Amino acid sequence: MIRLENIEYYIGDIHIIRDVSLEVDEGETLSIIGQSGSGKSTLLKLILGLSRPTSGRVYIDNIDITDMKEVQLREVRKRIGMVFQAGALFDSLTVGENVGYYLLEHSSMKLSDISEEVQQMLSFVGLPAEIIDRLPDELSGGQQRRVAIARALLSTKPRIMLYDEPTTGLDPEMTDRIVNLIMKIKEPRNVSQIVVTHQIADAFNLADRFVMIDGGRKIFDGDGKRLLGSTDESIVKFLRPFNSVVSKHCELLTQVNGYNETSR
Amino acid sequence: MFTIFVKIEDGLKKFIWELQQMFFFSLKMISTCFGRPIYVFETFEQMHFIGIGSLYLVVLTGLFAGQGMAIQFSYELATLGSQNYLGRILAIAVVRELGPVLTGLMIAARVSSGITAEIAAMVSSHQVDAMRAFGIDPVRKLAAPRLISLIVMVPALTVIADAIALLGGWIIAIFIAHMSSTLYWANVLDRLRFGNLFIGLLKPAIFSLVIAFIACYKGFTTRGGTRGVGASTTSSVVTSSITLLIVNFLITKLVISLFAGYL
């Protein structure tokens with residue numbers, strides 16, 4: 001569904017992404033983890049065609065989008081929903097206009113129909129209809145993220161969802177809500193998802209598979225069990241601050257798969 | 001010594017590269033004005049912001065600049081015994097130079113800063129990326145309405161500024177120079193010929209392009225968060241003001257060289 005082949009990406013002289021290849025299958029949730037500034041968000045931009053790789057190829061549904069013109073990319077992007085870091089809501093538009101943005105721009109639907117769709121979507125992401133006329137500035141961080149998710153979902157009914165740090169800066173309760181929402185999105189339509197995060201707990205809750213990026217290089221690609229069992233110094237160092245989370249998952253894995261924590 | 005040459009070379013390369021990027025961006029902006037979708041609401045919204053929003057600025061500038069010039073001219077002409085020519089000289093000065101340049105500079109200060117700051121803030125908060133992700137061409141959506149609005153509004157505001165400046169000159173002519181009102185307006189109308197009016201409208205039309213290209217380019221190429229937004233906005237105002245004065249000189253020189261007999 002999504003395939004990156006030997007991606008290299010430079011901004012000026014800075015080498016951002018170094019020879020990264022990865023694949024995401026239909027219905028799979030991949031979590032890209034790594035330190036801040038390691039190039040995780042850049043990978044999402046490359047998948048969406050917002051940035052062009054210096055070398056390497058990007059495939060969406062086996063279509064090579066690497067050298068596509070912007071006009072052609074717009075068609076590809078219709079299959080992809082993107083939730084940007086901190087929401088990236090249009091701050092001069094109301095919540096309703098934000099959520100219904102795609103329909104307002106691209107469809108010939110009546111305003112009343114769009115409004116109905118917007119309300120349904122707000123209800124789906126667990127937001128009250130009263131906030132429809134509020135500006136993004138008047139919402140909490142968690143509400144803004146949910147509006148951003150609603151906007152991405154209503155836009156194109158996407159088959160691929162990309163999330164850039166969807167829970168960063170949120171309190172535990174709001175984080176849980178967002179995580180549950182992301183899981184809820186995946187199920188009915190077998191949506192493929194990529195979640196970029198440095199919140200290990202969320203990554204373990206959401207992902208079927210993990211890719212770890214360090215200094216723009218892919219240093220791990222595999223499931224949670226292999227990640228926890230890795231002896232790679234960078235991975236161990238990255239996971240160390242999250243020991244309690246990791247231990248909790250080791251216990252769960254022990255119960256489910258007979259995984260032995262001492263093997264780490 | 002060698003380092004200085006390397007720095008100059010790097011600076012020149014950067015300047016030429018930037019100029020080239022701005023040129024391609026300007027071409028893209030022009031091309032997005034044609035074809036669909038046409039953002040009519042956004043265009044009228046911008047016309048309101050640029051036109052109505054700048055009206056008070058242009059009226060005040062025109063009035064006081066016209067009066068100031070009229071006082072200067074009337075004293076100087078009085079020493080030559082030619083005070084009756086105040087209307088003629090003021091009309092030429094206002095319509096050919098003062099009106100377009102002052103209006104252009106005022107719009108450059110007020111509007112280009114607004115355009116750059118708004119677009120730069122959207123770039124910085126990934127709203128422009130979000131637009132692209134939703135299949136919307138941000139240049140068509142954000143830059144084209146501003147370009148069209150400036151092309152319509154800058155000449156219109158210049159005409160208003162010219163009229164107000166000439167009115168200011170009339171007040172000075174009546175109450176300070178003690179001229180006859182009829183003589184003043186007869187002189188003014190005598191110089192409002194096609195050539196002068198043409199140059200007086202050509203300039204603001206070209207200034208509007210300069211302001212739109214620079215303001216939008218600076219906005220879209222912003223880097224570096226909040227500080228970057230501030231830097232782009234300042235750079236936009238400074239660049240557009242200086243470019244506008246250079247372009248004004250070039251147009252004046254070109255028109256005088258080619259059409260001196262018609263002015």
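**Figure 1. Surroundings of A:Gly49 in the predicted model**. Leaving aside neighbours within four places in sequence, A:Gly49 is in contact with A:Ile65, A:Met68, A:Leu73, A:Val76 and A:Arg77; two residues are in contact if their C-beta atoms, placed from the backbone, lie within 7 Å. This glycine is found in the loop between α1 (40–48) and β4 (55–60) of chain A, where helices (H or I, at least four residues) and strands (E, at least two) are DSSP runs numbered from the N terminus. A:Gly49 is buried, with 22 other C-beta atoms within 10 Å. A residue counts as buried if 20 or more other C-beta atoms lie within 10 Å of its own, as exposed if 12 or fewer do, and as partly exposed in between. Between the C-alpha atoms of A:Gly49 and A:Glu173, 124 residues apart along the chain, the separation is 33 Å. Because this is a predicted model, local features need pLDDT of at least 70 and side-chain atom pairs count only at pLDDT 80 or more, while totals for chains, interfaces and linings use all residues. Residues are numbered from 1 along each chain as its sequence is written, with chains lettered from A and ligands numbered from 1 in the order in which they are written.

**Figure 2. The contact between chain A and chain B**. Chain A contributes 15 residues and chain B 10 residues. On the side of chain A that touches chain B, α2 (70–77) and α4 (101–106) of chain A each supply at least two residues. The largest share of that side, four residues, comes from α4(A). Its residues comprise eight nonpolar, three polar and four charged; Ala, Val, Leu, Ile, Met, Phe, Trp, Tyr, Cys and Pro count as nonpolar, Asp, Glu, Lys and Arg as charged, and the others, Gly among them, as polar.

**Figure 3. The fold of chain B**. Chain B has eight helices and zero strands, in the order α-α-α-α-α-α-α-α from the N terminus. Its C-alpha trace spans about 65 × 55 × 35 Å along the principal axes. Of the 263 residues in chain B, 43% are buried. Among contacts in chain B with a separation of 6 or more, 88% join residues 24 or more positions apart.

**Figure 4. Packing of α2 against α5 in chain B**. Helix α2 (residues 40–80) and helix α5 (residues 138–175) of chain B pack at an angle of about 25°, with their axes 6 Å apart. Axes are lines fitted to C-alpha atoms, for helices over the stretch in contact, and angles run from 0 to 180 degrees between N-to-C directions. α2(B) and α5(B) are therefore roughly parallel to each other, a term for angles under 35 degrees. The residues of this contact divide into 26 nonpolar, 12 polar and two charged.

**Figure 5. B:Leu147 in helix α5 of chain B**. B:Leu147 is buried, with 25 other C-beta atoms within 10 Å. Not counting residues up to four places away in sequence, B:Leu147 touches B:Met29, B:Cys33 and B:Ala212.

**Figure 6. The largest nonpolar core**. This core has 134 residues, and those with the most contacts inside it are A:Ala150, A:Leu162, B:Leu90, B:Ile211 and B:Cys216. Helix α3 (residues 86–124) of chain B provides the largest share, 20 residues. A nonpolar core is a set of buried Ala, Val, Leu, Ile, Met, Phe, Trp, Tyr and Cys residues joined through C-beta atoms within 7 Å. A:Ala150 touches A:Val99, A:Met121, A:Leu122 and A:Val125, not counting residues up to four places away in sequence.

Notes: Parallel < 35°, antiparallel > 145°, perpendicular 65-115°, else oblique.
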